[in-house]
Amino acid sequence: MRRDRRDRRERADPLDAAQESRVRAVLALGGVPHADLPDGVQQVRLKLLERAAGGHEAPRDVSAWAAVVASNLAMDWHRARRRQERLGERLAVLWREATDEDGAESRALSMAVTQGLDALPDTQRQVVVLRFYADLPVRAIADELGIPEGTVKSRLHTAVRVLRTRLHEGEVV
């Protein structure tokens, strides 16, 4: 019984042990931390399954295809890390500006923006944070959230308009 399940699982797994090992090596050489390697392998498996589910035929050389996908994932990991670092630097600068001795106006503005963001619906707050704090372009936000670009633009427009109105009403700006 156990052997049957293991055999079925091995047949369902699009990556064999050697291919998985190669994917791990490519990710590791690409600078992905050891703790994130299992997630990277799973993402490669998922992409292979999505390809099959989409009606595409299997790659001629699964191992080579998986290595290319792993390399791309490593690059994406580095881009995301750099984006996070830039975001952290930007937030640190904003914090320093808000805590300067003569930064009373900055503190008031920061508090008003924070309260305004908290009052927004989750969907609008999400796109505002991704656009203005994570510095993602509209297309990347749409891809990340799985929604059309027009929806992202609409949510951004509405959220910015609401925030602007609230800041003017509170005489912060």
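**Charged pairs and a helix contact**

I looked at helix H6 to begin with: Asp122 and Arg125 both lie in it, three residues apart, about one turn of the helix. Helices here are DSSP runs (H or I, at least four residues), numbered from the N terminus. The model is predicted, so I note that local features need pLDDT of at least 70 and side-chain atom pairs count only at pLDDT 80 or more, while totals for chains, interfaces and linings use all residues. Residues are numbered from 1 along each chain as its sequence is written, and side-chain values use heavy atoms, with hydrogens and water left out.

**Salt bridges**

I took a salt bridge as a side-chain nitrogen of Lys or Arg within 4 Å of a carboxyl oxygen of Asp or Glu. By this rule I get seven salt bridges. Asp122 and Arg125 form one of them, at 3.0 Å from N to O. For accessibility I used relative accessible area: buried is under 20%, exposed is over 50%, and partly exposed is in between (1.4 Å probe, protein chains only). Asp122 is exposed at 56%, and Arg125 is partly exposed at 24%.

I then checked Arg45, which forms a salt bridge with Glu20, the closest N and O atoms being 2.7 Å apart. This pair links distant parts of the chain, with Arg45 in helix H3 (residues 37–53) and Glu20 in helix H2 (residues 17–29), 25 residues apart. Arg45 counts as buried, at 12% relative accessibility; Glu20 is partly exposed, at 23%.

The next pair I looked up was Arg139 and Glu149, whose side chains meet in a salt bridge of 3.3 Å, N to O. Arg139 is in helix H7 and Glu149 in helix H8, 10 residues apart. Arg139 is exposed at 54%, whereas Glu149 is partly exposed at 31%. I also noted that salt bridges with shared partners join Glu20, Arg24 and Arg45 into one network.

**H7 against H8**

How do the axes of H7 and H8 cross? The axes of H7 (residues 138–145) and H8 (residues 149–169) come within 8 Å and cross at roughly 110°. That makes H7 roughly perpendicular to H8, a label given to angles of 65 to 115 degrees. I recorded the axes as lines fitted to C-alpha atoms over the stretch in contact, with angles from 0 to 180 degrees between N-to-C directions.

With contact set at heavy atoms within 4.5 Å, Val138, Arg139, Ile141 and Ala142 in H7 meet Glu149, Val152, Lys153 and Leu156 in H8.

Methods: Helices (H or I, at least four residues) and strands (E, at least two) are DSSP runs, numbered from the N terminus. Angles under 35 degrees count as roughly parallel, over 145 as roughly antiparallel, 65 to 115 as roughly perpendicular and the rest as oblique.
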